[in-house]
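Here is a walk through one structure for someone meeting it for the first time. Have a look at the sequence and the 3D view, then read on.

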Amino acid sequence: MTSESYQDWKDIVHRCFRCGYCKFTHTYSDFNCPSYKKYRFETYSTGGRMWLIYGLINNDLKWSQNLANVLYACSTCGNCTENCRFEKFNDFLVDIIEAARAEAVKSGFCPENQKFLLERTKDPNNFNPYGEKNSDNINLKTKYNLPEKAEWVYYIGCTSNYRQQDLRDATLRLLKKIGIDFTLIDEHCCTSPLIRTGQIDIVSDFMNYNINQINNTGASKVITSCAGCYRTLKKDYEKLGADLGFEVLHTGELIKTLLDEGKIKITSNYEKIVTYHDPCHLGRHMDMYEIPRDIIQSIPGIKFIEMKRNRNNAWCCGAGGGVKIGYPDWALEISKERLEEAKETGATVLTSMCPFCKTNLADANKEFNMGFEIIDLIELIDQLEIEVNE
Amino acid sequence: MNKEVIIKDLEEIVGKDFASNTAEDLFMYSQDPGASEPRPVDFVVMPRSVEEIQKIVKLANREKIPLIPMGGGLTLSGLVIPIKGGIVVDLKRMDQILEINELSRYALIEPGVSTGKLISYLNELYPDLQPAIPDAPPSATVVGNALIHGSGYLSQKYGNHGDMINGIEVVLPNGEICKLGSCSISDYWFSRGPIPDLVGLFISSFGTMGIITKLSYKLYPKPKMRDVVFGMCRDPNNIPNLVYKITYTDLAEDLLLSKTDKPDYVKDLILVMVFITGDSEEELESKRKMIKRLYRKNGAQFMNMPERTLKGLLQKPQFAAAAADFRKGGGFEYVGSFMPLEMIPEASKRAAEISYKYDIIPTQAIRIIGKGHCVMFAPTFAFNRADPLDRKNARDALDETNKLVLELGGIPWKSEFEGQKLIVEKMDPNYKNLLKTIRNILDPNGIMNPGNWEVS
Ligand SMILES: Cc1cc2nc3c(=O)[nH]c(=O)nc-3n(C[C@H](O)[C@H](O)[C@H](O)COP(=O)(O)OP(=O)(O)OC[C@H]3O[C@@H](n4cnc5c(N)ncnc54)[C@H](O)[C@@H]3O)c2cc1C
Ligand code: SF4
Ligand code: SF4
């Protein structure tokens with residue numbers, strides 16, 4: 001995403017009719033745009049944002065902090081792209097919002113909380129938005145006896161490496177268990193949080209750094225357990241013109257392929273009632289809906305029940321697009337609604353395939369005392385016995 | 001007007017999060033998706049309860065500031081853009097379905113219930129019942145639509161949506177709550193009468209008589225199956241008789257006609273769509289046969305349509321907003337007009353001439369209402385929002401079409417205030433006086449959506 005693209009949208013942004021299809025679920029049963037559902041002024045609907053952006057482009061409106069805040073009160077969940085009916089326009093709604101955020105940053109109206117993301121990530125001690133000291137992953141490489149060169153790179157991602165280490169460790173164990181020839185790199189943030197929040201200055205540098213690191217290992221495939229990293233590596237890097245030279249996969253894709261090819265088989269029982277939350281960045285952003293479900297169905301003994309809103313109709317967890325850092329209480333409220341929906345299924349386990357969703361859902365689970373076991377699907381599988389066939 | 005005092009008071013009434021006069025909120029509420037020019041708004045407020053509305057009305061009387069009630073804001077004709085500034089009262093937070101009476105077939109709802117919500121709620125919980133909804137986007141409110149006397153897929157069978165109101169609760173311009181219909185006497189919101197029917201005062205009055213806070217809306221049985229029998233008619237003069245014959249039979253749920261001059265091969269054709277319903281395939285098949293026979297005998301011809309077209313037409317609501325993309329510019333507006341059936345051929349021809357004059361491809365939708373007692377004749381003018389000239393062309397075309405409609409004995413529907421002026425000019429003087437007297441009594445400070453239906 002370049003800042004110029006903001007002006008590029010000029011030719012299509014006015015195609016928004018402000019009809020409001022984007023506010024709803026598929027059946028109109030409820031509002032499915034978290035932002036509109038909370039704020040309720042038309043301004044906070046996707047159409048509202050499109051009209052504000054057109055107003056800015058047209059000089060009918062001037063930048064202000066209030067206006068920028070409206071643009072940032074959006075979890076980039078992509079429900080609007082699913083439900084807006086205008087073809088060759090609907091695909092770009094989130095891109096337009098992100099491009100407008102980049103313009104807000106340029107004009108000096110980036111909200112204070114969002115600025116931390118860039119400051120921390122830029123810091124040469126960190127290279128991650130959590131402000132943690134950068135892990136070069138040498139210790140992990142040693143612990144898991146990983147080579148310098150390998151067929152695969154496991155790109156851990158900042159959330160798994162600094163907040164959801166259980167998922168990181170489960171992924172590492174699982175990859176080892178199933179005999180994947182992989183290694184790790186000294187990662188910089190994939191820049192997903194920066195792209196989503198319009199703070200794009202360092203994105204190219206970080207992208208090039210990561211690509212170089214990966215290429216240095218000779219790997220032809222990169223795997224990640226993070227929906228945000230997956231979208232960024234696979235989609236944003238390509239949009240930014242990168243020639244990757246390697247394939248990007250989500251861990252789910254690898255597991256599913258191995259299951260299908262009979263190379264692995266889950267042999268122990270999991271006798272719990274489970275429901276699955278579709279991460280926006282894996283689902284609506286990348287169209288990956290069936291793979292996690294197929295994996296779940298391959299687990300003996302599991303009872304899987306869908307939530308009412310699922311797949312491309314899913315309710316967002318509320319963490320994405322800078323909402324978790326910008327509006328921490330609201331992010332929890334959004335997750336609470338998801339947990340309440342999960343409760344209706346009778347499930348005791350809520351699984352997903354994104355460490356950021358897991359963080360927010362788990363935070364809400366604790367805050368509102370909802371009593372779920374919240375676990376990433378990779379962690380869940382890691383608990384089970386797996387038969388590996390050569 | 002002391003704006004600081006007013007915003008503080010509004011915040012006190014509805015809470016800080018739901019009253020605003022920020023530049024971006026005012027920008028948003030100063031315009032709608034139609035062709036009207038933006039007009040200034042002073043405040044936007046989103047109440048959650050009847051009591052809050054009462055307080056807002058009292059504040060407006062104190063400050064002599066206009067109130068503009070708003071549902072979905074989708075009439076396209078600028079009806080929720082203030083004409084004389086003021087407070088837009090966006091009612092969409094009051095969105096509860098309060099009661100479904102299955103046996104007496106009505107829904108008691110708050111003013112912010114969207115058509116999408118009601119239809120989805122019934123589909124899930126009362127699959128044998130259906131509400132009449134327009135083909136407006138699902139964010140339109142049921143109440144806003146009923147209050148403008150809208151029409152939709154059940155109108156051929158059951159009439160205009162204003163006629164489907166069993167009763168209302170309204171906050172009057174003096175802040176008092178009043179119930180109208182059977183609900184003023186009984187716990188059941190099942191009927192408008194048998195008492196003097198004052199509900200009509202609030203229909204098509206565009207928020208000038210008060211703010212409706214509850215409305216009982218009729219529901220109808222929902223047949224299991226639905227289909228469309230397509231026909232085409234080359235001679236528009238055959239249309240009135242064809243419609244007369246079809247409506248005589250009781251076969252049609254909905255009866256739509258459409259005309260467009262693009263692509264070229266449909267030019268000079270009128271497409272006829274008879275929606276049929278039934279509980280079995282045999283029932284549908286026998287209706288199909290009868291409609292086809294009616295086409296043959298009355299100057300029309302049956303035609304097949306691709307599955308995709310059929311699927312689109314069977315949606316509730318239909319995606320009529322597609323017209324906004326005709327010029328890839330996010331805008332269209334139409335003159336909905338109530339017309340006598342016999343005037344359709346001439347109206348269609350002359351409205352097409354107006355379209356050509358303004359460089360717009362003629363596109364007309366016609367919906368038969370109540371067995372042909374009335375026809376909703378809707379020439380549509382798409383425009384590119386980003387092109388001021390295109391937008392002005394649409395406004396000029398709308399104005400000329402309003403005049404045409406009045407000349408032919410019809411009445412523009414949900415008209416912009418310019419169109420309302422044309423209607424008032426033609427109105428019987430005693431009707432005007434009565435309207436003015438009633439308004440002055442109800443609303444001596446003139447706070448309710450002033451500029452609409454103004455009688456000088
Ligand atoms: C694509 C498209 C297709 C359409 N197709 C149809 C169609 O098939 N049939 C049809 O009938 N209409 C149609 N419309 C017109 C219009 O959108 C609908 O009639 C719509 O339902 C109006 O409802 P609303 O909630 O948007 O009303 P609003 O625009 O919000 O309000 C309409 C009027 O009612 C007043 N009002 C609203 N709520 C209250 C209240 N609680 N108390 C007092 N006054 C109130 C407002 O002040 C305004 O004057 C269409 C519109 C579009 C954009
Ligand atoms: S984004 Fe699409 S669905 Fe939403 S208001 Fe605009 S045109 Fe309508
Ligand atoms: S991305 Fe999600 S939160 Fe943002 S405007 Fe679209 S639907 Fe709303």
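The shell around ligand 1 divides into 24 nonpolar, twelve polar and three charged residues. Here Ala, Val, Leu, Ile, Met, Phe, Trp, Tyr, Cys and Pro count as nonpolar, Asp, Glu, Lys and Arg as charged, and the others, Gly among them, as polar. Bear in mind that this is a predicted model, where local features need pLDDT of at least 70, side-chain atom pairs count only at pLDDT 80 or more, and totals for chains, interfaces and linings use all residues. Residues are numbered from 1 along each chain as its sequence is written, chains are lettered from A and ligands numbered from 1 in the order in which they are written, and side-chain values use heavy atoms, with hydrogens and water left out.

So where does ligand 1 sit? You'll find ligand 1 between chains A and B. It has 39 residues around it, and the closest are B:P69, B:G71, B:G72, B:T141 and B:S151; a residue counts as near if one of its heavy atoms lies within 4 Å.

| Backbone atom of | Atom of ligand 1 | Distance |
|---|---|---|
| B:P69 | oxygen | 2.6 Å |
| B:G73 | oxygen | 2.8 Å |
| B:S151 | nitrogen | 2.6 Å |

Taken alone, ligand 1 exposes 970 Å², and the protein buries 97% of that (areas by the Shrake-Rupley method with a 1.4 Å probe).

Which element of chain B gives the most to this shell? That's helix 5, with four residues. Helix 5 (142-147), strand 3 (67-70), strand 10 (211-221) and strand 15 (330-334) of chain B each supply at least two. Helices (H or I, at least four residues) and strands (E, at least two) are DSSP runs, numbered from the N terminus.

Strand 6 (residues 273-276) of chain A pairs with strand 7 in the parallel sense over two bridges, and two strands pair if DSSP finds at least two bridges between them. Within that pair, A:V274 stands opposite A:F304 of strand 7.

How values were computed. Polar contact = N/O pair within 3.5 Å; in protein donor to acceptor, adjacent residues only side chain to side chain.
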